[in-house]
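Subject: Structure handover

Hello,

Here is the structure for you to look over. My notes follow below it.

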Amino acid sequence: WNSMYHNAEEITPTLDAMVETSLVMKQFYVYKYCSPTRGSFLTGRFPYKLCATRNNLNPATIPEGINLGYTYIAKKLQNSNPPYLSYQVGKWHQGIFTSDYTPVGRGFNKSYGFLSGGEDHYNQHNFWGCPNAPAVDLYDSDVPAFGKNDTYNGYEFTEAAINYIKDHVKNNAANPFFIYFALHNTHGPIEAPKDVISMYNYNQTLRNTFDAMTTVVDQSVKNVTDALKALNIWDNTLFIWTNDNGSPVSVGGSNYPFRGSKGNNFEGGVHVPLLVSGGILPEGMKGKSLDGMMHITDWYATFCYLAGAINPNDDNPDAPSPIDSINMWPYLSGQVMESPRNMIIHDHLMYSDTTQGAIRNGKYKLVIMNESQAGWYGQFSPNTSWNKNMEQIYACSVDKPCLFDLEADITEHNDISSENPDIVKSMVELFHSYDNEHHPPKKAPPDDKDGYCAALYAAKGFCVPWIENVTSADSKSSFNQHSSEDTNVDCHELQMC
């Protein structure tokens, strides 16, 4: 939260200026870590319905991915007339083990980036190397990107995104496009170009480097938006900038003034910035901010509406649950004054005999699980006074949930559960009313590092899918059981970025 235009100490002139011409959403929510947030954005489902909530799809050697029954937004947008062409750049983290789970497998026309959950920013080695070789994770649509690694990926991915946009305008101008540009910055490892690091002079190398990563993000936003404007398509573009989770306070960053960290359900883990911009945004909404709630899953139905009032409901008979997404365009465009979203299921975990998680209903939020890193960590963390004990700060539990009034106490300093037993009771009942909704299997499939590494060796050290595609309905069902769930707009010309 405490980054970019929220933090005057970071050098982010593009995003700072964009606030003045964008719509700022003050209560935008995501999941507490990477893969489920991305899956929620792409499927229109609350994260708890995705297997990635079990272990964040880590390690990459487990043959698991987001359920193939869910229709991804890239494939959904093909129902527009004319159909959208879709491009994915950067981090994927939705499944690797068969090409069905890759971006192209899920409906993107082209993609360029890495398939797993994290990698070195310079050499593209992911976190799951093999005994005889590191794992280079860089994939170009459906083949390894041989010879293209060893470049700072913040720059490499930005160039790829711009090239996709330019190529689309040159060769496919009759079709609108959707580009999902997922930079690896500011994810660990904390790495940045030396010339950008030199722009900062804190007495802590880690902070200089992390803040430099935010500057690279800002440079990327500038370069992409400049390209859209130079190509004369900004006026037909909806441009969205946001994050997938809060900062991990033991690695680098800041969620000030919020409580908590990446990995928990306090505001610091799930409450992130959101800018909505582009020529499609009505003039009357530019430079404004809205207080109503929105969840990352809501972009699915919103995009469907903007793409020509496509029915957002998933017509795939293998879909294990309906969408949770709400069309937010009437609110974002100023047609209605109140957000249609009043409730968010932040977490609803059923991987053990105890159901636990967090839920928001109106102004009240209930945390019904034991959360670590439950403190307030200041302007930057870890700072020079950091110690490991700061990770061992716990609060709330299943037996004694925490209740917060977020209208009065957005920083979650005051647990009001003892004074409001009736509200706690009703919130607990609401939480458990979702117990019979679709949940993923409790256990992940067995690790298949041998298969992962054999494919990597055959691909000259590059990370690639290693199991034959799941093509039949019966095969899809089998895999899903064990691994995927074990205002007026010219919609035909609208680009979404």
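Which residues have the most contacts inside the largest nonpolar core? They are Met25, Phe28, Phe178, Trp241, Trp299 and Tyr452, in a core of 98 residues. A nonpolar core here is a set of buried Ala, Val, Leu, Ile, Met, Phe, Trp, Tyr and Cys residues joined through side-chain atoms within 4.5 Å. Buried means under 20% relative accessible area, with a 1.4 Å probe and protein chains only. Helix α5 (residues 153–171) gives the most to this core, with six residues. A second, separate core has 31 residues, including Phe266, Leu406, Ile416 and Phe431.

First, the basis. This is a predicted model, where local features need pLDDT of at least 70, side-chain atom pairs count only at pLDDT 80 or more, and totals for chains, interfaces and linings use all residues. Residues are numbered from 1 along each chain as its sequence is written, and side-chain values use heavy atoms, with hydrogens and water left out. Helices (H or I, at least four residues) and strands (E, at least two) are DSSP runs, numbered from the N terminus.

Trp241
Contact means heavy atoms within 4.5 Å. Beyond its neighbours within four places in sequence, Trp241 contacts Met4, Tyr5, Leu15, Val217, Val221, Pro273, Leu274 and Leu275.

Helices α5 and α7
The axes of α5 and helix α7 (residues 205–230) come within 10 Å and cross at roughly 15°. Axes are lines fitted to C-alpha atoms, for helices over the stretch in contact, with angles from 0 to 180 degrees between N-to-C directions. That makes the pair roughly parallel, a label for angles under 35 degrees. From α5, Gly154, Tyr155, Thr158, Ile162 and Ile165 take part. They meet Val216, Gln219, Ser220, Asn223, Val224, Ala227 and Leu228 of α7. The contact residues divide into seven nonpolar, five polar and no charged; Gly counts as polar and Pro as nonpolar.

Ser220 is buried, at 3% relative accessible area. Setting aside neighbours within four places in sequence, Ser220 contacts Gly154, Thr158, Phe181 and Leu183.

His295
This residue is in strand β10 (residues 289–295). His295 counts as buried because its relative accessibility is 1%. Not counting residues up to four places away in sequence, His295 touches Phe28, Tyr29, Val30, Ser40, Phe46, Pro47, Arg341 and Ile344. Gly44 is 251 residues from His295 in sequence, and 9.8 Å away in space, C-alpha to C-alpha.

Helix α12
In helix α12 (residues 449–458), the buried residues are Gly451, Tyr452, Cys453, Ala455 and Leu456. Lys460 follows α12, with a positive phi near 60°.

Best wishes

Note on methods. Buried means under 20% relative accessible area, exposed over 50%, partly exposed in between (1.4 Å probe, protein chains only). Angles under 35 degrees count as roughly parallel, over 145 as roughly antiparallel, 65 to 115 as roughly perpendicular and the rest as oblique.
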